[in-house]
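Trainee: Please walk me through this model, and spell out each term as we meet it.

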Amino acid sequence: MHSLQMRFQSNLVPSSQPWVLQFGSSKGLVIGPVTFQENGNPIDCARVGLGGKPIISGAVLGNIRSTAQFLVVVEKEAIFARLAEDRFHEKLNCILVTGKGFPDLGTQEFVRTLSLTLGIPTVALVDADPFGVSILCQYAFGNEGREEHIFLRTEGLKWLGVRPSDLDRYHVPASSRIPLTAKDRERGRKLLEGPISRVPQWRDELLFLLHGGEKAEVEGLSWFSVSFLTEQYLPGKIREKDWI
């Protein structure tokens, strides 16, 4: 029996056909000031090297301890690597996690477990485009349509950036903005029909994005300087609790 099923089966509605969560190979990474037992083995994510520690799907976690002040879920592996190389997790005392795009089940469960256990703010850094918003929603609401999605969602997840309204607020130049494609607009319309309506501020940001017709990647912030993301944008937002 998989670990998640063993941990949470008592919360399920009884059924003659119990479900089993099928974990594939994990692709997630974590780095930062957090320790835990993973299948009985001690893990210290502050001492795993700048590449981060692979998240093991279906692992049984225990004795989770951390001095971190918040948990940052990063959409892209490249941005995760950049933050790790700049030792962002040390400078701002935080845990960094990436699912390398759309997260696998193991990474979603891991983020949920850390968020629930540690009780610290959990914030997301995604591209300001409909696919970035889709990834944000997958962490926040789970894989809706799957019976086990309630065990994959991170309730209280906050959208740190990059938000569509940030493009004007931070004067992101036209050279760093990209016109929305037909595929972007289709994805945006589908999102509006989904659970994003549960967070009105997220829905407003998505509408702002679709009406504005422009998107931007996190990398677009490097137009200001190579260190703008790690030394100004993120620290400023976190200091001001500028998340929704």
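Mentor: A polar contact is a pair of N or O atoms within 3.5 Å; within protein, one must be able to donate a hydrogen and the other to accept it, and residues adjacent in sequence count only if both atoms are side-chain atoms. This is a predicted model, where local features need pLDDT of at least 70 and side-chain atom pairs count only at pLDDT 80 or more, while totals for chains, interfaces and linings use all residues. Residues are numbered from 1 along each chain as its sequence is written, and side-chain values use heavy atoms, with hydrogens and water left out.

Trainee: Thanks! Which side chain does threonine 107 join in a polar contact of 2.8 Å?

Mentor: Start with the setting: threonine 107 lies in helix H4. Helices (H or I, at least four residues) and strands (E, at least two) are DSSP runs, numbered from the N terminus. At 0% relative accessibility, threonine 107 counts as buried, where buried means under 20% relative accessible area, exposed over 50% and partly exposed in between (1.4 Å probe, protein chains only). The partner in the 2.8 Å polar contact is the side chain of aspartate 104.

Trainee: And what share of the protein's residues is buried?

Mentor: The protein holds nine helices and eleven strands. Out of its 244 residues, the buried share is 54%.

Trainee: How much space lies in the largest cavity?

Mentor: On a 1 Å grid over the protein atoms alone, a cavity is a set of points where a 1.4 Å probe fits but cannot get out, and a pocket is an open set with protein on both sides within 12 Å along at least five of seven lines; lining residues have an atom within 4 Å of a point. Grid points are joined across faces, edges and corners, and a volume is the space filled by probe spheres set on the points. A search of the whole structure finds one cavity of 30 Å³ or more. The space in the largest cavity is about 110 Å³.

Trainee: Which element supplies the largest share of that cavity's lining?

Mentor: The lining has 15 residues, with Ile55, Ile56, Ala59, Leu61 and Phe110 nearest the centre of the cavity. S2, strand S4 (53–54) and H4 each supply at least two lining residues. The largest share, four residues, comes from H4.

Trainee: Now the largest pocket: what is its volume?

Mentor: Of its 14 lining residues, Ser134, Cys137, Gln138, Leu191 and Pro195 are the closest to its centre. H5 gives the most to this lining, with four residues. The volume of the largest pocket is about 270 Å³.

Trainee: How many of the twelve residues of helix H9 are buried?

Mentor: H9 covers residues 228–239 and is largely enclosed by the rest of the structure. Its buried residues pack against S6, helix H2 (77–85), helix H3 (88–91), strand S8 (122–125), strand S9 (158–161) and helix H6 (166–169). Among the buried residues are Phe228, Tyr233 and Lys237, and the buried count is nine.

Definitions and conventions
Contact = heavy atoms within 4.5 Å.
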